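Please read it alongside the sequence and the coordinates.

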Amino acid sequence: MSDTALIPQPREISTEPRRSDKVFRGVVTSGGLSSLVVLGLIALFLAYRGFEVLREEGLGFITNADWSITLDESANVVESNFGLSAMLVGTILCSIVAVVIAVPISVFSALYLNFYAPAWLKRILVAVIDMMAAFPSILFGIWGFLVLMPSVEYWAKLINKYLGWIPLFEVEPYFFTRSPFVAGVVLAIMIIPIITSVSREIFAQAPLDRIQAAFALGATRWAMIKAVVIPHGRSGVVGGAMLGLGRAMGETVAVYTVLNIVFQINWHVLLGAGGNVASLIILKFGEASEYEIKALMAAGLVLFLLTLIVNAIANVIVKSTGKSGR
Amino acid sequence: MSAVAVPTKPWAKRPQERAIGISFFLAAIAFSYFFVAVTEMKGKLAYAFVFFVAYGLFTSTFSFINRGPQAAKDSFVSTVVSLGAVVTVIPIASILFTVIQKGVPGLHFGILSNDMSMATSTDPIANGGVLHAITGTLTLVFLALIMSVPIGILTALYLTEIKGRFAGPIRFLVQAMSGVPSIVAGLFILSAVLYPITKSFSALMGALSLAILMIPTVARTSEEVLLLIPNDLREAGTALGGTQWRTVAMIVLPAARSGLMTAVILGVARIAGETAPILLLTGGGDKVNPNPFDGSVGSLPYYIWKAFNAGSPEAITRAWAGLLVLMILVLILFITARALSTRKISK
């Protein structure tokens with residue numbers, strides 16, 4: 001036994017991570033990259049499956065309105081026409097109706113929650129609205145079809161009666177059932193919780209010192225909101241509306257149950273003939289032949305890219321307001 | 001005797017003001033009643049519309065006389081804003097009410113222990129049940145859970161613990177992924193796995209697409225939770241000689257445990273009622289299918305969908321009962337998530 005045994009060897013100090021840490025960082029990084037991989041694979045596979053149809057139809061896939069396929073006895077394709085334009089117009093129409101209805105209501109209720117509601121009521125309402133965001137879409141679809149639709153048709157007739165001279169609200173022939181307007185109202189109810197919670201969070205970030213300064217100068221509540229909260233939160237609300245738009249565009253089941261799908265471009269909101277890319281996929285999937293499935297994949301790709309772009313713009317807008325507030 | 005100072009609340013409403021407020025409210029109700037009775041308008045919509053316009057006009061006229069135009073505008077906006085909140089809540093109330101009202105007649109004693117293999121859509125309600133749907137949904141959710149929770153939490157860890165070069169882009173991509181339409185997730189699994197590899201419907205296929213939808217919810221909620229863990233804890237772990245791996249595994253994750261549970265539950269609530277990909281991928285059988293890797297499997301959304309499309313009165317009642325079961329499931333999940341998270345995330 002010598003003294004040297006009691007003195008530990010000086011440890012080498014380095015910033016080099018241990019092996020366990022290297023493994024850890026590798027695993028976590030690869031997990032983190034999964035979202036990139038999944039999104040990339042989605043685009044890749046849908047494009048790969050839909051490539052044949054996209055090449056066949058070219059730009060007509062976006063601009064034509066026909067969707068028909070004729071097969072002979074041995075299931076060979078005789079003639080096929082695939083065009084998405086009616087569906088795309090319908091998708092945009094429904095989601096714009098939804099956003100136009102949902103945004104004012106959501107902004108008002110976000111303002112109410114932040115600046116008007118007593119604390120106990122605010123707590124309950126926030127929980128209820130968040131819960132509504134978690135409701136499954138099939139619930140909205142069936143409720144919309146069996147409960148909401150009769151009332152909405154009645155509203156549509158009122159709008160047509162008093163505002164029918166505006167081309168958008170024309171109805172010819174006189175048929176209101178399962179119109180894009182009905183689908184838009186159902187979608188609006190689905191996206192109100194989303195836009196409300198985004199707006200609520202943005203409004204809550206409004207600088208407190210400026211709010212108090214406005215009150216100290218004798219502003220009423222509305223004057224304060226107009227001077228401080230709205231300038232601060234404007235672009236955030238736009239971003240929230242875009243998020244809602246993205247959600248509305250991709251919604252499938254709720255729209256399918258309340259919308260009458262017609263392969264014809266229709267800009268008249270109240271007329272019972274609409275289109276929707278996602279619903280088209282559900283509608284045609286059941287009896288689709290192999291070649292038609294490829295066309296549906298291509299339609300899915302178009303929908304994917306559309307929602308991706310809308311969501312990307314929305315997120316950039318929401319994020320940039322979050323920063324400018326501080 | 002010393003005087004006890006009683007705190008005054010100059011901002012609180014006096015009884016007199018309160019009485020005026022209530023009388024305006026009642027006056028507006030009475031006015032809307034008479035107005036609708038006198039004019040051609042009819043229906044609930046007319047009552048609500050006239051009531052809010054009348055209430056807004058009454059209060060703002062009162063404020064105008066007492067305190068001038070600014071106050072009048074303020075009270076008018078108060079009415080409009082409260083109207084917004086009321087309109088937001090009405091659909092929720094209506095949905096809850098309808099589902100309970102129409103779903104309860106569809107419930108019976110055997111509903112949780114029978115499946116639909118021996119019942120057709122026009123059979124009396126007492127035949128058949130949702131056993132296959134519940135087991136199917138549980139299988140789907142469980143499989144989706146074990147795939148998406150590790151990936152979601154790893155993504156959150158990358159964003160909060162490693163903060164690497166790609167943190168910005170990945171945060172952006174996770175946001176983008178949460179916007180992927182559910183039908184696209186279904187089509188993707190169809191084109192990438194079902195057609196080229198397995199060639200048959202199964203619970204696994206459905207679970208794969210649900211996992212895609214669940215990952216972003218789990219990742220975003222977990223990230224928020226992990227950001228709330230104070231940095232002191234991480235520094236303490238490192239100061240005690242822990243490597244980053246041990247600090248995260250032994251300190252950060254246990255501290256965030258209940259928050260992470262919340263993230264998982266919210267993810268499950270997101271996918272439990274997801275319908276579109278299920279329609280494409282699982283086949284929707286009417287029997288309990290014990291094998292999750294092969295054969296068509298039923299699930300609650302598919303059950304509701306089938307019953308709703310069958311269209312007979314019994315089937316519609318079954319659909320509502322299914323919706324009631326599904327809604328109770330989502331509510332339980334949601335309430336659990338909130339109960340767990342109130343300590344961590346105060347909103």
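The sections below cover conventions and confidence, then each chain, then the contact between the chains and the nonpolar core.

## Conventions and confidence

This is a predicted model, in which local features need pLDDT of at least 70 and side-chain atom pairs count only at pLDDT 80 or more, while totals for chains, interfaces and linings use all residues. Residues are numbered from 1 along each chain as its sequence is written, and chains are lettered from A and ligands numbered from 1 in the order in which they are written.

The predictor assigns the complex an ipTM of 0.86 and a pTM of 0.88. Where pLDDT is low, predicted coordinates should not be read in detail.

## Chain A

Chain A contains 12 helices and 2 strands. These are DSSP runs numbered from the N terminus, with helices (H or I) of at least four residues and strands (E) of at least two. From the N terminus the order is α-α-α-β-β-α-α-α-α-α-α-α-α-α. The radius of gyration of chain A, taken over C-alpha atoms, is 27 Å, well over the 20 Å that the globule rule (2.2 Å times the number of residues to the power 0.38) gives for 326 residues, so chain A is more spread out than a compact globule. Its C-alpha trace spans about 100 × 70 × 35 Å along the principal axes.

An automatic or database domain assignment divides chain A into domain 1 (19-82) and domain 2 (86-324). Their C-alpha centres lie 27 Å apart. The contact between them (C-beta atoms, placed from the backbone, within 7 Å) takes 20 residues from domain 1 of chain A and 15 residues from domain 2 of chain A. On the domain 1 side, H2(A) gives the largest share, 9 residues. By class, that side has 15 nonpolar, 2 polar and 3 charged residues; here Ala, Val, Leu, Ile, Met, Phe, Trp, Tyr, Cys and Pro count as nonpolar, Asp, Glu, Lys and Arg as charged, and the others, Gly among them, as polar.

## Chain B

Chain B has 13 helices and 0 strands. With a radius of gyration of 28 Å, well over the 20 Å that the globule rule gives for 347 residues, chain B is also more spread out than a compact globule. Its C-alpha atoms fill a box of roughly 75 × 70 × 45 Å along the principal axes.

The domain assignment gives chain B a domain 1 (16-98) and a domain 2 (131-341), with C-alpha centres 43 Å apart.

## Contact between the chains

Across the interface, 67 residues of chain A are in contact with 73 residues of chain B. Helix H2 (residues 34-57) of chain A gives the most to the chain A side, with 10 residues. That side has 45 nonpolar, 17 polar and 5 charged residues.

## Nonpolar core

A nonpolar core is a set of buried Ala, Val, Leu, Ile, Met, Phe, Trp, Tyr and Cys residues joined through C-beta atoms within 7 Å. A residue is buried if 20 or more other C-beta atoms lie within 10 Å of its own, exposed if 12 or fewer, and partly exposed in between, with C-beta atoms placed from the backbone. The largest such core has 194 residues, of which Val186(A) and Leu187(A) touch the most other members. Helix H4 (residues 85-116) of chain A supplies the largest share, 17 residues.

Not counting residues up to four places away in sequence, Leu187(A) touches Cys94(A), Ser95(A), Ala98(A), Ala248(A), Glu251(A), Ala254(A) and Val255(A).

How values were computed:
Two residues are in contact if their C-beta atoms, placed from the backbone, lie within 7 Å.
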